[in-house]
Amino acid sequence: MSLIDQAHEQMDTWAKRTLIAIAVIAALVVAGLLGAAFLPRWWAHRIGGQANGNFAGGILLGLFYGFVFTALPFATLGIAFHKRRPWKTWAIMFGVAVLLALPNLLTLGIVLGHGKAAHAGQRTLDVDAPGFRGASLGGAIAGVLAVLLWEYLRYSRERARGQVRHLRAKLKARDEAAVTSHDRPE
């Protein structure tokens with residue numbers, strides 16, 4: 001194969017990659033625009049239907065969604081990045097974590113959104129799920145704290161096990177030294 005043919009093949013490969021990247025970016029932009037117009041209303045109606053206009057129901061749902069869908073993604077990321085893994089595994093686990101965080105991301109889109117759909121979602125949550133937004137924030141904070149506590153306990157347990165191994169090795173060496181000193185003739 002000549003040098004010119006190799007250059008054309010490389011250009012074709014890069015052209016295909018560039019077109020795929022442009023298509024993916026365009027699809028993401030279109031999905032984002034459609035999602036911004038549809039998802040806040042849809043999510044607010046789902047939550048409103050679950051809470052059924054009940055203040056206690058809105059708070060309990062907010063605590064549940066905030067805690068579970070914050071703790072699970074962070075725990076998934078902790079598991080993924082705890083050990084050295086191939087980058088594809090990290091990417092997949094990151095994608096799983098984002099999917100697990102979607103309920104909180106949808107709620108965040110309603111709370112921080114400036115569009116008509118976000119405002120409609122805010123009104124829906126105010127009427128059909130009062131207390132949900134604040135409780136969701138409280139649950140998310142509790143979820144982060146729970147994962148941090150879990151990681152601290154896991155780290156301290158590993159550290160304690162390492163210290164026990166070290167002390168056992170030291171004790172074994174001391175016992176072996178004592179046995180060999182008693183076996184020597186004087």
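Helices (H or I, at least four residues) are DSSP runs, numbered from the N terminus.

**Setting up.** I am working with a predicted model, where local features need pLDDT of at least 70, side-chain atom pairs count only at pLDDT 80 or more, and totals for chains, interfaces and linings use all residues. I number residues from 1 along each chain as its sequence is written, and I take side-chain values from heavy atoms, leaving out hydrogens and water.

**Entry 1: the nonpolar patch.** I looked for patches, made of residues with over 30% relative accessible area and no salt bridge; like charges are joined within 9 Å, nonpolar side chains (Val, Leu, Ile, Met, Phe, Trp, Tyr) within 5 Å. I found a nonpolar one on the surface, formed by Phe94, Val98, Leu99, Leu102, Leu105, Leu108, Val111 and Leu112, with about 700 Å² of accessible area together. Helix 3 (87–100) and helix 4 (102–112) are the elements that give two or more residues to this patch. Accessible areas here come from the Shrake-Rupley method with a 1.4 Å probe, and for residues only the protein chains shown count as cover.

Which helix gives the largest share of the nonpolar patch? I find that helix 4 does, with five residues.

I then picked out Leu102, which is found in helix 4. Leu102 has a relative accessible area of 36% and is partly exposed. On this scale buried means under 20% relative accessible area, exposed over 50%, and partly exposed in between (1.4 Å probe, protein chains only).

- I have Asp126 with Arg133, the closest N and O atoms being 2.4 Å apart. Asp126 is partly exposed at 44% relative accessible area, and Arg133 is partly exposed at 28%.
- I have Arg154 with Glu151, where the closest N and O atoms are 2.5 Å apart. Arg154 is partly exposed at 24% relative accessibility, and Glu151 is partly exposed at 28%.
- I have Arg174 with Asp175, with 3.9 Å between the closest N and O atoms. Arg174 is exposed, at 54% relative accessible area, while Asp175 is partly exposed at 39%.

**Entry 2: back to one pair.** How are Arg154 and Glu151 placed in helix 6? They sit three residues apart in that helix (residues 132–183), so about one helical turn separates them.

Conventions
Salt bridge = Lys/Arg side-chain N within 4 Å of Asp/Glu carboxyl O.
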